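Reader: I would like to go through this model term by term, with each label set against its cut-off. Please show it before we start.

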Amino acid sequence: MRWTVFAVAAAALLASPVLAHDVSAANAAYVEGLAGPAPVSFLYLGAKHMVTGIDHVLFLLGVVFFLRNLRDIVIYVSLFTLGHSLTLITGVLAGWQVNPFLVDAIIGVSVVYKAFENIGGFDKLSGAKLDMRWAVFAFGLAHGLGLATKLQALTLSEDGLLTNLLSFNLGVEIGQVLVLCILVALLKLWQRAPAFPRQAYAANAAIMCAGFVLIGLHLTGMSQTA
């Protein structure tokens, strides 16, 4: 109980607006001032966005939390990558107009869903559980659409747009690999601890709490801009 209370409090802090990952004003001004292909700048922006995106990191943590086999990690992460790459690139090029607060709220739902699955919540709801591989792919689509809305909020030059977009996506993948390396390494150490099963429940309860906080923040933002 003590671990759960502590973890939930930490999750609420992590999901607060302090760690919001919208493109900073400085980065936005710099990117909007670029004309033509600028792969290095967009590569950096994509990597930074993934590394500082608490919602993306929490979802990835939930995905790999109980995975011990490298093959399984590669499969799940590849499905997530395919999903968010499709909607990131297509969303920007096709000019899909989606409310960014709604998309980010759905991303918060993805965090809650995976954490709830990790604590065995769906085992008590017969027939309610999706194949987790398809669920990860589907939520990857939502995460990619969230990334697309961040780029669409900027005034980007049409000159070199495809190059810059692909560079941003590659940067996201690089940032994702960096985050995963850290998460998997820490989880491998943690999984050896005798108390891991008990602490794992508290950790996933905290992840789920953070997801609910993210949902609430973004739905509130949507209602205030309506």
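Author: A helix here is a DSSP run of H or I of at least four residues, a strand is a run of E of at least two, and both are numbered from the N terminus. By that rule Thr81 lies in helix 5. The model is predicted, so local features need pLDDT of at least 70 and side-chain atom pairs pLDDT 80 or more, while totals for chains, interfaces and linings use all residues. Residues are numbered from 1 along each chain as its sequence is written, and side-chain values use heavy atoms, with hydrogens and water left out.

Reader: What does the secondary structure of the chain come to?

Author: The chain has 9 helices and 0 strands. Read from the N terminus, the order of elements is α-α-α-α-α-α-α-α-α.

Reader: Why is Thr81 called buried?

Author: Buried means under 20% relative accessible area, exposed means over 50%, and partly exposed is in between, with a 1.4 Å probe and protein chains only. Thr81 has a relative accessible area of 19%, so Thr81 counts as buried. Over the whole chain of 226 residues, 50% count as buried.

Reader: Which residues is Thr81 in contact with, leaving aside neighbours within four places in sequence?

Author: Contact means heavy atoms within 4.5 Å. With those neighbours set aside, Thr81 is in contact with Glu173 and Gln176. For the chain, 84% of the contacts with a separation of 6 or more are between residues 24 or more positions apart.

Reader: Which other residues of helix 5 are buried, and what covers them?

Author: The buried residues of helix 5 include Ile73, Tyr76, Val77, Phe80, His84, Leu88 and Val92. Among the parts that cover the buried residues of helix 5 are helix 4 (54-64), helix 7 and helix 8.

Reader: What makes Lys150 and Asp104 a salt bridge?

Author: A salt bridge needs a side-chain nitrogen of Lys or Arg within 4 Å of a carboxyl oxygen of Asp or Glu. The closest N and O atoms of Lys150 and Asp104 are 3.0 Å apart, so by that cut-off the pair is a salt bridge. Because Lys150 lies in helix 7 (residues 132-152) and Asp104 in helix 6 (residues 100-118), the pair ties together parts that are 46 residues apart in sequence. Both Lys150 and Asp104 are buried.

Reader: How many salt bridges does the whole structure have?

Author: The search finds 3. One of them joins Glu117 and Lys114, at 2.7 Å from N to O. Glu117 and Lys114 are 3 residues apart in helix 6, so about one helical turn separates them. Glu117 and Lys114 are both buried. Another salt bridge is formed by Asp131 and Arg133, with the closest N and O atoms 2.9 Å apart.

Reader: Why are Asp131 and Arg133 called partly exposed?

Author: Asp131 has 33% relative accessibility, so Asp131 falls in the class in between. Arg133, at 43%, is partly exposed as well.

Reader: Is Thr155 buried or exposed?

Author: Thr155 is found in the loop between helix 7 and helix 8. At 58% relative accessibility, Thr155 counts as exposed.

Reader: Which residues line the second largest cavity?

Author: Its lining consists of Val64, Leu67, Ile73, Val184, Leu187, Lys188 and Gln191. Helix 8 (residues 161-191) gives the largest share of this lining, 4 residues.

Definitions and conventions: On a 1 Å grid over the protein atoms alone, a cavity is a set of points where a 1.4 Å probe fits but cannot get out, and a pocket is an open set with protein on both sides within 12 Å along at least five of seven lines; lining residues have an atom within 4 Å of a point.
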